Amino acid sequence: MTTPRRLLLVNGPNLNLLGTRQPEIYGRDTLADVERLAADAAGRHGMEVRAVQSNHEGVLIDAVHAARLDCAGIVINAGGLTHTSVALRDALASVDLPVAEVHISNIKEREEFRHFSFIEDVAVVHVVGEGVPGYARAVDLLVEVITGSADG
């Protein structure tokens, strides 16, 4: 069986407000910009991206479950669910796909409740505090994990 040439890009609660929500922390790029950046990065490796954003935990869990059928890996910024959702963490652990955790801001330098990530231990790639460009780096690093090479 060949490896699927698709990544699931998951963005959690409030990330639909990128560009207007706390631009001093998250910048002015929109969710559409994030999705385009990730798709362009994946495209350089001959891969495509299926993007999902939801403010509802169950929708994200369903998308993660579905990814096991046609995706090679998952790039996720779970937003606030990073710090609260055992269920989303368990979904990621249960699909047997490599996971890249990405955060626009450095969660370790923000409020103390943001320092802990339920996703951290199931992710093989971590890109934190690099702004929106971090999504492209997360895609590149995840593709390296999937293909076993730096060339994708």
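Student: Before we dig in, which pLDDT do local features need here?

Tutor: Residues are numbered from 1 along each chain as its sequence is written, and side-chain values use heavy atoms, leaving out hydrogens and water. Since this is a predicted model, totals for chains, interfaces and linings use all residues, side-chain atom pairs count only at pLDDT 80 or more, and local features need pLDDT of at least 70.

Student: OK, the largest nonpolar core: which residues touch the most other members?

Tutor: A nonpolar core is a set of buried Ala, Val, Leu, Ile, Met, Phe, Trp, Tyr and Cys residues joined through side-chain atoms within 4.5 Å. Buried means under 20% relative accessible area, exposed over 50%, and partly exposed in between, with a 1.4 Å probe and protein chains only. The largest such core has 24 residues, and those touching the most other members are Leu 7, Val 75, Tyr 135 and Val 139.

Student: And which element gives the most to this core?

Tutor: Helices (H or I, at least four residues) and strands (E, at least two) are DSSP runs, numbered from the N terminus. At least two core residues each come from strand S1 (6–11), helix H2 (31–43), strand S4 (99–103), strand S5 (125–128) and helix H5 (133–147). The top contributor, with six residues, is H5.

Student: Take Val 139, then. Which residues is it in contact with, leaving aside neighbours within four places in sequence?

Tutor: Contact means heavy atoms within 4.5 Å. Beyond those sequence neighbours, the partners of Val 139 are Leu 7, Ala 38, Ala 41, Ala 42 and Val 75.
There is also another core lying apart from this one, with Ile 76, Leu 81, Ala 91 and Leu 97 among its members, and its residue count is 22.

Student: Switching to backbone geometry, what is the phi of Asp 96?

Tutor: Look in the loop between helix H4 (86–94) and S4, where Asp 96 sits. Asp 96 is exposed, at 70% relative accessible area. Although Asp 96 is not a glycine, its phi is positive, about 55°.

Student: How about Gln 22: what is its phi?

Tutor: Gln 22 belongs to the loop between S1 and helix H1 (23–26). With a relative accessible area of 33%, Gln 22 is partly exposed. Gln 22 is not a glycine either, yet its phi is positive, at about 40°.

Student: Which residues lie nearest the centre of the largest pocket?

Tutor: On a 1 Å grid over the protein atoms alone, a pocket is an open set of points where a 1.4 Å probe fits, with protein on both sides within 12 Å along at least five of seven lines, and lining residues have an atom within 4 Å of a point. The volume, meaning the space filled by probe spheres set on points joined across faces, edges and corners, is about 170 Å³ for the largest pocket. Its lining has 15 residues, and nearest the centre are Tyr 26, Gly 79, Gly 80, Arg 110 and Arg 114.

Student: What kind of aromatic pair do Phe 116 and Phe 118 form?

Tutor: Rings of Phe, Tyr and Trp (its six-membered ring) pair if their centres lie within 6.5 Å; planes under 30 degrees apart count as stacked, over 60 as edge-to-face and the rest as tilted. That rule gives a count of one aromatic pair. Phe 116 is partly exposed at 48%, and Phe 118 is partly exposed at 22%. Their centres are 4.8 Å apart with 90° between the planes, making the pair edge-to-face.

Student: Is Thr 82 buried or exposed?

Tutor: Thr 82 lies in the loop between strand S3 (73–77) and H4. Past its sequence neighbours, Thr 82 is in contact with residues including Glu 101, Phe 116 and Phe 118. The relative accessible area of Thr 82 is 0%, so Thr 82 is buried.

Student: Last one: how far apart are the C-alpha atoms of Ala 78 and Asn 11?

Tutor: Ala 78 is in the loop between S3 and H4, and at 1% relative accessibility Ala 78 is buried. Ala 78 has contacts with Gly 12, Pro 13, Leu 88 and Ile 119, setting aside neighbours within four places in sequence. Ala 78 and Asn 11 are 67 residues apart along the chain, and their C-alpha separation is 5.6 Å.
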